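Keep the coordinates open as you read.

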Amino acid sequence: MHKIFQNIAGKVDINRDLIFLLVIGGLYSLGIFLSNTFVNIYLWKQSGDYITIAMYNLGIYLFQPITFILAGKIAKKVDRVIVLRLGVIFLSLFFLSVLIIAEKAATYNFLLGGLLGIGFGFYWLAFNVLTFEITEPESRDFFNGFLGILQSFSGMIGPLLAGTIIANMEANIGYTTIFTISFCLFIGAVGCSFILKRRQAEGAFHFKRVLAERRHNNNWRKILNAHVFQGLREGIFLFVIAIWVFITTQSEFALGMFNLFLSGLSFIFYFIVTKWIKPSMRKKAILTGGLILYFSIYIILFSISYIQLIIYAAIIGIAYPIINVPYVSMTYDVIGKAWKAKDFRVEYIVVRELFVNSGRVTAIVIFMLAITLFDAEKIIPFLLAAFGLGHLIIYVFVKDIYLGSPRKKEVMIKEQLTDEKNR
């Protein structure tokens, strides 16, 4: 396996921990893509209203940042691989709860969302910190790109497989099957985590100090502002589009095909982006991806058909890799050059996620108020047009971020992260 990854990476050094972190990321992605999209549809079929779906997602994005803070404190005291396991265990409990509650899931929408948010919080805090430690500046684009490939591949086969299973099984047996498969995949991810080298941090949890660092570090302030607008778009797009596909087609299989087109194009373009977009091209790539992502919305805003949705899926499948790989890599590089990154890397990750989720929560709250005051079908297109600007506005903040020359940056990061073997 190591030789396969090394051949793909070329001159970039690949180690065992990086490989198994990618494997865990792949299992996580497959488990989430297989079921999470269909949880929204499962709840929609039980309730038939947007408020239920919004409350479920609000639970996710309220509990996720709270858990990030708790997970950050734990990560500074114990092995963060254990924090990763906690995340996967809570995700497993979420799917187990959905299986047990079954047809009453819509009644417990907020609680289920909260449980999933706790799982996301533990998982992503640990995964992001481990990514920060295991990868070096020169391997960062490869890791983020290859992780994107795994996510895209999971996004291709997961929803399509789930849609096929649901469409060919009676009643809710199909949903029970896919939730069970996801549960097993997360158990597999827990097993893989035992292979990772133990990684401990020392010192107190300085969350407030890193939050205040925005006043002293312009790059840190700008990247955090960018993450708020990322969250504003993601807050409602993550569930509204899936609901629209199902309403238009009344078919879980059609939703699977939508994700197949989206992730299929992403799969191809993550390969291209990983190979061709160099650090010097990051800002132009973020602008290009943001423009494509925003203007693609207008394909489905004023009239909607399944063909239009498929075209939209294909276009955003191209746009996401173009923006995500350089954007994520730039974020980690900003953290890598930040004040006391070696000591406070956990806090930097927590603060970043707090800003992303503040944008998501804001978007969902505005969405719920808007559909309460106005007709949902009429107001939602305007909300999508407004919040869809999020990824485009990211460029406004990152265009003025300067990290110095690659040689100087590498030296500074290695000096700051002396105990980070490969990141």
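Gln250 is exposed, at a relative accessible area of 54%. Exposed means over 50% relative accessible area, buried means under 20%, and partly exposed lies in between, all with a 1.4 Å probe and protein chains only. This is a predicted model: local features need pLDDT of at least 70, side-chain atom pairs count only at pLDDT 80 or more, and totals for chains, interfaces and linings use all residues. Residues are numbered from 1 along each chain as its sequence is written, and side-chain values use heavy atoms, with hydrogens and water left out.

Gln250 sits in the loop between helix 9 (218–249) and helix 10 (252–276). Helices (H or I, at least four residues) and strands (E, at least two) are DSSP runs, numbered from the N terminus. The phi of Gln250 is positive, near 55 degrees, and Gln250 is not a glycine. Most residues other than glycine have a negative phi.

Ala102 also has a positive phi, about 55 degrees, without being a glycine. Its loop runs between helix 4 (80–101) and helix 5 (109–134). Ala102 is partly exposed, with a relative accessible area of 24%.

Now look along helix 4, where Ile100 is found. Ile100 is exposed, at 67% relative accessible area. Together with Ile89, Leu93 and Leu96, Ile100 makes a nonpolar surface patch of about 350 Å². Nonpolar side chains (Val, Leu, Ile, Met, Phe, Trp, Tyr) are joined within 5 Å, like charges within 9 Å. Areas come from the Shrake-Rupley method with a 1.4 Å probe; for residues, only the protein chains shown count as cover.

What about a buried loop residue? Ser296 lies between helix 11 (282–295) and helix 12 (306–336). Ser296 counts as buried, at 3% relative accessibility. Leaving out residues up to four places away in sequence, Ser296 touches Tyr312, Ile315 and Ile316. Contact means heavy atoms within 4.5 Å.

Step back to the whole chain. The protein has 16 helices and zero strands. Of its 423 residues, 59% are buried. Among contacts between residues at least 6 apart in sequence, 87% join residues at least 24 apart. The protein exposes about 17000 Å², and carbon and sulfur atoms supply 67% of that.

Finally, confidence. pLDDT is the predictor's confidence in each residue, from 0 to 100. The protein averages 84, and 90% of the residues score at least 70. Over residues 406–423, pLDDT stays under 50.

Methods: Patch = residues over 30% accessible without salt bridge, like charges linked within 9 Å, V, L, I, M, F, W, Y side chains within 5 Å. Salt bridge = Lys/Arg side-chain N within 4 Å of Asp/Glu carboxyl O.
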